[in-house]
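Work through the exercises below with the sequence and the coordinates open. Each one gives a task and then a solution in steps.

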Amino acid sequence: MKKIVLLAIGSSIFLLTIAQQPAGSPAAMKSFIDNLMSKMTLEEKLGQLNLPAAGDITTGQAANTNIAKKIRDGQVGGLFNIKGVEKIRDVQRIAVEQSRLKIPLLFGMDVIHGYRTIFPIPLGLSASWDIQAIERSAQIAAAEASADGISWTFSPMVDISRDPRWGRVAEGAGEDPYLGGEVAKAMVRGYQGSNLAKDNTIMACVKHFALYGASEAGRDYNTTDMSRQRMFNEYFLPYKAAVDAGAGSVMASFNEVDGVPATANKWLMTEVLRRQWGFNGFVVSDYTGIAEMVEHGIGDTATVAARALNAGIDMDMVSDALLNTIAASIKKGIVNTAQVDAACRRILEAKYKLGLFDDPYRYCNPARAAKEIYTQAHRNEARTIAAESMVLLKNDGNILPLKKTSKILLVGPLADNAQNMPGTWTVAAEHAQAIPVLSGMQMTAPNTNISFARGSNLSEDAKFEERAGMFGKSLNRIDMPAGDLIADAVRAAADADIIVAAVGESAEMSGESSSRTNIQIPQAQKDLLQALKKTGKPIVIVLFAGRPMDISQEAKDFPAIINVWFPGSEAGMAIGDVLFGAVNPSGKLTATWPQNIGQIPLFYNHKNTGRPLPEGQWFQKFKTNYLDVTNEPLYPFGYGLSYTSFTYSNMKLSSTNMQGNGTLTASITVTNSGKVAGKEVVQLYLRDVVGSTTRPLQELKGFEKISLQPGESKTVSFNITPEQLKFYNYDLMYDWEPGEFDIMIGGSSAKVQKLRMQWSK
Ligand code: BGC
């Protein structure tokens, strides 16, 4: 770009043409940051690497806090956990008016599944298999958060997990790397849009790099250990997908990788992330992740801070360890200034890309905050997506959808509880505004006779219930003997045609630091269900779950189960939509549900072993199996029913003998063979039959969600190229190997049609 300047010297006018970099170009960014950094002291550079939590800042009072002093002194690069546009504006003002270099702050928050308008928990979102809807949910979250002062979200969480004991399975997209990658990309696109500097987009932060979902025994923060084969082929893909989609930042995980905490793991943060994947954003530690490495046992604070920086961590969340120790470590020669410069540059680049140097108040527009947050339009979208995420697990005798003419008794501790509807990680939500099941059902079926009896507390154990009701998400415990609560519900059932039981987990029984060794419905609620079963009335279970659960008993005893996860702000409306049939459920599980906890880890994309159990059998001596339970899950990956039925026929391959870089087309005809319109998630799986290393029995490689009217058929085609056959071999080279492949298509991982083909190089 050229800029024309008129220059008057004396009476002569000169026309000068100056080469100018367009604002925002990489070269303009570089020269801006070069110039800024040339003025910065070492202390100010270290200040940019510091991310304290905001603490309790009151609007108008920001200037008097300890944080304000640090900001003035140039010791803060960003803040998080501060909510409200006015407050954030106050704090930003301190940075840009009172610090020496006037560098604006980043404002981060855990905007995980919506900001004020809450969408289903991420595990639920993934069960919609609706990538556009997922992207849209992130877009709305970004629009609302950015209107309220936030420029950076600690999302998407893309940790693959195969262990439902781990509470944080709620925050991710389940067990599959391919689906996880598609969801990761959609979330990054949704948050960041095509231009990070727009006032309604925010920076994404992919977390938790890496392998956090593989903590031993499903206990949060625990050790992980796995082969590089497994890392690259099974766990890394979603992180890489998010990086490829342009995520601006990455968060290090709490766990160790190969015996070194991720936060100090140079191979992970520099070799894999930056060199192999070409990531050029910044890496932030997790909350006190740097200081915690003292407890991990790899050195004192100064040592671990130096290791983190040298490994490739750019920003220190909460520990203040880089700020306080790096200058001394430079003097000792443990860290060099180039490392500090590189980290500082990356943080400044993020601020530049967000447009904060142009306008530090870009995300602080009270007028937007007043009209663009929690709008009816956003709530309508949340309702639609929530209904899309629900998974119909069982529906014997088509007792769902409910008839509006039935007399319905609604029971259960989660039936009339607004606070628990949004689920875990809802920092900015007004929980009491969420719509509970009872009022949602009443509003979606206003003329239906719906009565309510509580029936039980969440848990028989009051102390457990306290732990499961944190962050103000009260469970409204009733101080009455369990037997009396049950008796009330049984009495009320006498008058009902059908019982709907809203049972399961509370919002805080999953999420961070919410691991469980028993993933069943709490006993108090199981007792309620069994007592109601004796009334002989049909019972529909509306299950709240933040993880795959062990509901083997209930699956045996009750005719209908709809899993609703935690549906978000519009929970009750979406549940009413599905229960009364205005929406036909179309969610499919993205993580395997085990028959019991002893089967964990249980996942569909496993290997064959040398002693596979012949299909359809339970037990054979010296085969890979259990004495007491079959190898099958209770519900497999990809499973979910509908109020209609779908038949698959006429699977075809365009060729059974491919060569080189061609494109194979696999197609199948799907027919709605039932009586109502519905949506089906058609899934494509591959098996590489013979490899130089062992290969999974099935790997998801594509999917399409289609809508079909009753009697309608559609042919769904998938294009397959050698790109989809690639994997990391023993030497971690990413390539495909010629040979035989099984191509499978179906409506669940366990129900597919299969054709074999040959692909040569
Ligand atoms: C969690 C992160 C989160 C961070 C900031 C940590 O405890 O592991 O996922 O982003 O806190 O709230």
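**Exercise 1: Tyr685**

The side chains of Tyr685 and Gln683 are joined by a polar contact of 2.6 Å. Here a polar contact is a pair of N or O atoms within 3.5 Å; within protein, one must be able to donate a hydrogen and the other to accept it, and residues adjacent in sequence count only if both atoms are side-chain atoms. The model is predicted: local features need pLDDT of at least 70, side-chain atom pairs count only at pLDDT 80 or more, and totals for chains, interfaces and linings use all residues. Residues are numbered from 1 along each chain as its sequence is written, and side-chain values use heavy atoms, with hydrogens and water left out.

Solution. 
1. Strands (E, at least two residues) and helices (H or I, at least four) are DSSP runs, numbered from the N terminus.
2. Buried means under 20% relative accessible area, exposed over 50%, and partly exposed in between (1.4 Å probe, protein chains only).
3. The Tyr685 side chain also comes to 3.4 Å from the backbone nitrogen of Ser749.
4. Gln698 is 13 residues away along the chain, and its C-alpha atom is 5.8 Å from that of Tyr685.

**Exercise 2: Helix 19**

Task: find which residues of helix 19 are buried and why they lie on the same side.

Solution. 
1. Helix 19 covers residues 482-493, 12 residues in number, and spans 17 Å from first to last C-alpha, close to the expected 16 Å. The expected span is 1.5 Å times one less than the number of residues.
2. Leu485, Ile486, Ala489 and Ala493 are its buried residues.
3. They are on the same side of helix 19 because they cover an arc of only 95° around the axis. The arc is that of the directions from the helix axis to the C-beta atoms.
4. An α-helix has 3.6 residues a turn, so residues three or four places apart point the same way.
5. The buried residues of helix 19 pack against strand 14 (407-411), strand 15 (449-453), strand 16 (498-504) and helix 20 (523-533). Contact means heavy atoms within 4.5 Å.

**Exercise 3: Helix 17**

Task: list the buried residues of helix 17 and name the elements they pack against.

Solution. 
1. In helix 17, residues 437-444, the buried residues are Val437, Leu438, Gly440, Met441 and Thr444.
2. These residues fall within an arc of 165° seen down the axis, so they line one face of helix 17.
3. Their packing partners are helix 16 (376-389), strand 14, strand 15, strand 16, strand 17 (539-544) and helix 22.

**Exercise 4: Glu388 and Pro614**

Task: state for Glu388 and for Pro614 whether each is buried or partly exposed.

Solution. 
1. Glu388 sits in helix 16 and is buried, with a relative accessible area of 8%.
2. Beyond neighbours within four places in sequence, the contacts of Glu388 include Ala127, Asp130, Lys679 and Lys705.
3. Pro614 is in the loop between helix 22 (571-579) and strand 19 (646-653). Pro614 counts as partly exposed because its relative accessibility is 31%.
4. Not counting residues up to four places away in sequence, Pro614 touches Gln620 and Lys623.

**Exercise 5: The ligand**

Task: give the distances from ligand oxygen atoms to the side chains of Lys207, His208 and Glu512.

Solution. 
1. For Lys207, a side-chain N or O atom is 2.8 Å from a ligand oxygen.
2. For His208, a polar side-chain atom is 2.7 Å from a ligand oxygen.
3. For Glu512, a side-chain N or O atom is 2.8 Å from a ligand oxygen.
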